[in-house]
Amino acid sequence: MRDLDTPVLDNHLHLDPDNARGIEAVKDFARSGGTHLLVVNKPSWHLGVEAETGEDFRAVFERTLEIVDQAAKVLRGTAWPVLGVHPGLISRLVDERGFTPEEARDLMCAGIDVAAEYAADGKAVALKSGRPHYDVSDAVWEASNDVLEHTLAKGAETNVAVQLHTEMTDDLTDVADWAEEQGLLPSASSNTTQSANSPASRRASCARRSIWRRPSRRRSSS
Ligand SMILES: [Zn+2]
């Protein structure tokens, strides 16, 4: 097992214990020197859940908590869960299951509400949302942005970060503006004023209000 003499975090990992390598992938990560993981739940349908209600996402979240516990035991550091609703679900609902974009939006928001319950109980360190990384109709894009905004509001309400899956872009200022409107402030790294760098405000920004964004890849499937 390589020891790089420093913590090494992967901030966005999906683990599929049923159809893929699951915990074996964590062992590889640890062998290469990895110490900490943020494990994001798999897209619900990858775990065999075709959600009809927000409550149906609970099985996905519970399965994720189980694999996070297992991962934590393998790592020298630890693993934390990030729970949410994969933005690609909207296409599955609209294109394959006959939902209108509005119905899909409501179901996804309901799933986010359940994820936020876990966050409020301290069982998840962040919520995951975003919008499709591929071309979609205006109605689906709008509904996706509604889900994203709802997640930002829930993140602010429960004092956790929001991790985003988005289209490939260098400019997410629209999302940053919505985040601020919902009460999530930009991360401490973008604060340059002295008061913003005081230890107390830095703690507040990092622990409760940072927005984590994953560089998206156009063809990423997760
Ligand atoms: Zn992902």
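**Helix packing, core and local features**

Apart from residues within four places in sequence, Glu149 contacts Trp178 and Gln182. The model described here is predicted. Glu149 belongs to helix α5, and its C-alpha atom lies 6.6 Å from that of Trp178, although 29 residues separate Glu149 and Trp178 in sequence. Glu149 has 17 C-beta neighbours inside 10 Å and is therefore classed as partly exposed.

Helix α5 spans residues 138-158, and its axis comes within 9 Å of that of α4, with a crossing angle of roughly 20°. The two helices, α4 and α5, are therefore roughly parallel, since an angle under 35 degrees is counted in that class. The crossing of α4 and α5 is right-handed. On the α4 side, the contact involves Pro101, Glu102, Ala104, Arg105, Met108, Cys109, Ile112, Asp113, Ala116, Ala119 and Ala120. These residues meet Ala139, Val140, Ala143, Asp146, Val147, His150, Thr151, Lys154 and Thr158 of α5. Sorted by class, the contact of α4 with α5 comprises 12 nonpolar, 3 polar and 5 charged residues.

Helix α4 (residues 101-120) also packs against helix α3 (residues 89-96), at an angle of about 140° and with the axes 9 Å apart. The arrangement of α3 and α4 is therefore oblique, because roughly antiparallel packing is assigned only over 145 degrees. As a crossing, the pair α3 and α4 is right-handed. Leu89, Ile90, Leu93 and Val94 form the α3 side of the contact, and Pro101, Ala104, Leu107 and Met108 the α4 side. The contact of α3 with α4 consists of 8 nonpolar residues, with no polar and no charged ones.

The largest nonpolar core contains 49 residues, of which Val39, Met108, Ala115 and Leu127 touch the most other members. Helix α4 is the greatest contributor to this core, giving 10 residues. Beyond its neighbours within four places in sequence, Val39 is in contact with Leu13, Leu15, Thr64, Ile67, Val68, Ala71, Ala79, Pro81 and Val82.

Thr53 is situated in the loop that links β2 (36-40) to α2 (57-74). The residue has 11 C-beta neighbours inside 10 Å, so Thr53 is classed as exposed.

Most residues other than glycine have a negative phi. Asp5, a residue other than glycine, has a positive phi, near 65°. Asp5 is located in the segment that precedes β1 (9-14), and is exposed because 6 other C-beta atoms lie within 10 Å. A positive phi is also found for Asn159, with a value near 60°. Asn159 occupies the loop between α5 and β5 (161-165). With 14 other C-beta atoms within 10 Å, Asn159 is therefore partly exposed.

Terms used. Residues numbered from 1 in each chain as written. Predicted model: local features only at pLDDT ≥ 70, side-chain atom pairs only at ≥ 80, totals over all residues. Axes fitted to C-alpha atoms, helices over the stretch in contact; angles between N-to-C directions. Helix = DSSP H or I, 4+ residues; strand = E, 2+ residues; numbered from the N terminus. Parallel < 35°, antiparallel > 145°, perpendicular 65-115°, else oblique. Left-handed = near helix turned anticlockwise from the far one by under 90°. Contact = placed C-beta atoms within 7 Å. Nonpolar A, V, L, I, M, F, W, Y, C, P; charged D, E, K, R; others polar. Buried ≥ 20, exposed ≤ 12 C-beta atoms within 10 Å, placed from the backbone. Core = buried A, V, L, I, M, F, W, Y, C linked by C-beta atoms within 7 Å.
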